[in-house]
Amino acid sequence: MRLKDKVAVVTGGTRGLGAAVAEAFTAEGCHVVRAARTGDGEFHPVDVRDPESVRELMAGVADRFGGLDIVVANAGVSRPGPVRALSAGDWDDVVGTNLTGVFHCVSAALPYLEKSAAGRIITMSSALGVRPAPGAAAYAASKAGVEMLTRVLALEAAPSGVTVNCLSPGFVDVGMGRALAANEQVWPRYRATLASGRMGTAAEVTAAAVFLASAEASYVNGHVLEVNGGLRW
Ligand SMILES: NC(=O)c1ccc[n+]([C@@H]2O[C@H](COP(=O)([O-])OP(=O)(O)OC[C@H]3O[C@@H](n4cnc5c(N)ncnc54)[C@H](OP(=O)(O)O)[C@@H]3O)[C@@H](O)[C@H]2O)c1
């Protein structure tokens, strides 16, 4: 019960890694609001590309639960393709969701997190945020931006007691990682980098997310935690 009675928002919490993080937080005693554009079961509708939609989410959660302690800015999309063939619309979708969407989430959540005894922001990067791969320009650039946004915000928010850290999963057998493994054109190149010889599991990523959200990580700030089993790039 490391997150007992905490209140968390997980964007992109309806499936994939976000759903796994939401379940792990719930098992630790946390009240979790899962937010996305669509989904089965109980979730709060949000489009992270729209600042008003995100403000409504954070205000609604703080109002319903009497505060907000943890935000996991996890919602993300990927539109692979070489730069010369990538449409401006695909670029905007990726950067607008993965980077600007994180900005909207953290800026809307900060006023509430600052009132928490131990506010926590966890952003989501990727092994590709610091490793170039052909066809990954929009995704990799958005994740590199997320890592630096995390580091800058950690400095700005530290005086108010809010920590800001980033999880950087490698290739995980849920969500878009599973789709990648099914892509016979690109997967052999990525598979060759797996030093551990296997993909990661959702549980291996959520264990790191619970740690970063918990009191145990009170002095961890501005950190990018890679959870990738070791990669040979
Ligand atoms: N799985 C991996 O191997 C892996 C590895 C490294 C990093 N990551 C990162 O982990 C995060 C989750 O990835 P995943 O694999 O779980 O992906 P996923 O299964 O495709 O889930 C993505 C989630 O984000 C939501 N979402 C997408 N666009 C949104 C928007 N505009 N507003 C609100 N919600 C939105 C989706 O719901 P809707 O479409 O209904 O909105 C869904 O809940 C991403 O940031 C990804 O880059 C994943």
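**View 1. Lining of the largest pocket by residue class.** In this predicted model, the lining of the largest pocket comprises 24 nonpolar, 18 polar and seven charged residues. In total, 49 residues line the largest pocket, and those nearest its centre are Gly76, Val77, Ser78, Tyr139 and Met176. The space within the largest pocket amounts to about 1100 Å³. Two or more lining residues come from each of H1, strand E2 (31-36), H4, H5 and helix H6 (187-191). H5 provides the largest share of this lining, with five residues.

View 2. The ligand is located in the largest pocket. It is surrounded by 29 residues, the closest being Arg15, Leu17, Thr38, Tyr139 and Met176. By class, the shell around the ligand consists of twelve nonpolar, twelve polar and five charged residues. At least two residues of the shell are supplied by each of helix H1 (16-27), helix H4 (137-157) and helix H5 (175-181). Of these, H5 gives the most, with three residues.

View 3. An N or O atom in the side chain of Thr38 lies 2.4 Å from an oxygen atom of the ligand. For Tyr139, a polar side-chain atom is 2.5 Å from an oxygen atom of the ligand. Gly177 instead places a backbone N or O atom 3.2 Å from a nitrogen atom of the ligand. The ligand taken alone exposes 880 Å², and the protein buries 95% of that area.

Notes: Residues are numbered from 1 along each chain as its sequence is written. This is a predicted model: local features need pLDDT of at least 70, side-chain atom pairs count only at pLDDT 80 or more; totals for chains, interfaces and linings use all residues. Side-chain values use heavy atoms; hydrogens and water are left out. A residue is near a molecule or strand if one of its heavy atoms lies within 4 Å of it. A polar contact is a pair of N or O atoms within 3.5 Å; within protein, one must be able to donate a hydrogen and the other to accept it, and residues adjacent in sequence count only if both atoms are side-chain atoms. Accessible areas come from the Shrake-Rupley method with a 1.4 Å probe; for residues, only the protein chains shown count as cover. On a 1 Å grid over the protein atoms alone, a cavity is a set of points where a 1.4 Å probe fits but cannot get out, and a pocket is an open set with protein on both sides within 12 Å along at least five of seven lines; lining residues have an atom within 4 Å of a point. A molecule sits in a cavity or pocket if more than half of its atoms lie within 2 Å of its grid points. Helices (H or I, at least four residues) and strands (E, at least two) are DSSP runs, numbered from the N terminus. Ala, Val, Leu, Ile, Met, Phe, Trp, Tyr, Cys and Pro count as nonpolar, Asp, Glu, Lys and Arg as charged, and the others, Gly among them, as polar. Grid points are joined across faces, edges and corners, and a volume is the space filled by probe spheres set on the points.
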